[in-house]
Amino acid sequence: MILLTRKAEFSAAHYYWNDAWSAAENERVFGKCSNRNGHGHNYTLEVTVAGEVNPQTGFVVDLKQLKDVMHSQVVDVYDHRHLNLEIPEFRDRVPTVENIAVSAWERLEGRIPGAKLERVRVYETPDLYADCFGPEGAR
Amino acid sequence: MKVTFTRRYHFSASHRLDCEALTPQENRDVYGKCNNPHGHGHNYRLEVSVRGPVDHATGMVMNMADLDAVVGSSVVERFHLANLNMDPLFEQDVPTTENLCRVIHRLLAVELPPGKLDRVRIEETENNFFEYAGEAIRGER
């Protein structure tokens, strides 16, 4: 089995807020990230797929197809958007880097032709990232 | 969903690779320049990964501020601008980055909530890095 990883970037705004809590509690837990005016990041999305090398093409997956799926399902949806205000899954899900990785997994799962989704990694900054391995993940 | 959260930290430290059980010549043969008598240093890049369910209320595996506080007080403050050979944790073991990786894993495993620590990864330079996920966890893979 071979693992193959493709990278893409998107830029988006967000803030952290839980409607069930008071403003003071939101500020205590989320700190500056709870500012309702929001802030933004340049995110990097890394999608790793697993599969066998096709003996005829030498591919695990057609990279163009993988790129198209990553863009149509995630990058084009999230890029230059406010995640809390414009993306349906973040209406009741705080758009932390963990939840962005989970949501990107859910958007990609089952849509990559010929290969199994192995890992979705989302970098919020170069010093901070989350990995989602799916419900049946290796970990 | 299986999710891990990783944060990167930086510290700079010196070390010298020298094993007491070996002769001076053997140490030079094994460790090369790393055995030079007065030591040398690196800007280490440390990645700490924690795992667990994403808490529905916070959207987090673990609050980053809490992780920063634990890693800061038990690892970065201890090793930043220090000589690793002088640390009691390296009284018995050569401070290779393999051993540093294990030592940091051990320090963090007792400070973090049980079962939270997933993996420790250290880059000694851009071109060499080391990972340790604990013996029990490795066995499960």
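Two residues count as in contact here if their C-beta atoms, placed from the backbone, lie within 7 Å. Keep that in mind for the views below, which come from a predicted model where local features need pLDDT of at least 70, side-chain atom pairs count only at pLDDT 80 or more, and totals for chains, interfaces and linings use all residues. Residues are numbered from 1 along each chain as its sequence is written, while chains are lettered from A and ligands numbered from 1 in the order in which they are written.

**View 1. Where chain B meets chain A.** On the chain B side, 17 residues are in contact with 24 residues of chain A. Strand β1 (residues 2–15) of chain B gives the largest share of that side, with 7 residues. Sorted by class, the chain B side has 8 nonpolar, 4 polar and 5 charged residues. For that sorting, Ala, Val, Leu, Ile, Met, Phe, Trp, Tyr, Cys and Pro are nonpolar, Asp, Glu, Lys and Arg are charged, and the others, Gly among them, are polar.

**View 2. Strands pairing across the two chains.** Strand β5 (residues 128–134) of chain A runs antiparallel to β1(B), and 6 bridges join them. To spot the pairing, look for A:Tyr129, which stands opposite B:Thr6 in β1(B). Strands are DSSP runs of E with at least two residues, helices are runs of H or I with at least four, and both are numbered from the N terminus. Two strands pair if DSSP finds at least two bridges between them.

**View 3. Strand neighbours inside chain A.** Strand β1 (residues 2–14) of chain A and strand β2 (residues 39–51) of chain A run antiparallel, joined by 13 bridges. Along the sequence, chain A reads β-α-β-α-β-α-α-β-β.

**View 4. Two helices packing in chain B.** Helix α2 (residues 64–79) of chain B and helix α3 (residues 97–111) of chain B pack at an angle of about 135°, their axes 10 Å apart. Axes are lines fitted to C-alpha atoms, for helices over the stretch in contact, and angles run from 0 to 180 degrees between N-to-C directions. α2(B) and α3(B) are therefore oblique to each other; angles under 35 degrees count as roughly parallel, over 145 as roughly antiparallel, 65 to 115 as roughly perpendicular and the rest as oblique. Which residues meet here? B:Val70, B:Val71, B:Ser74 and B:Val75 in α2(B) meet B:Ile104, B:Leu107, B:Leu108 and B:Glu111 in α3(B). By class, this contact has 6 nonpolar, 1 polar and 1 charged residues.

**View 5. A helix of chain B out in the open.** Helix α1 (residues 24–31) of chain B has 8 residues and the number buried is 0, so it lies largely in the open. A residue is buried if 20 or more other C-beta atoms lie within 10 Å of its own, exposed if 12 or fewer, and partly exposed in between, with C-beta atoms placed from the backbone. Over chain B, buried residues make up 26% of the 141 residues.
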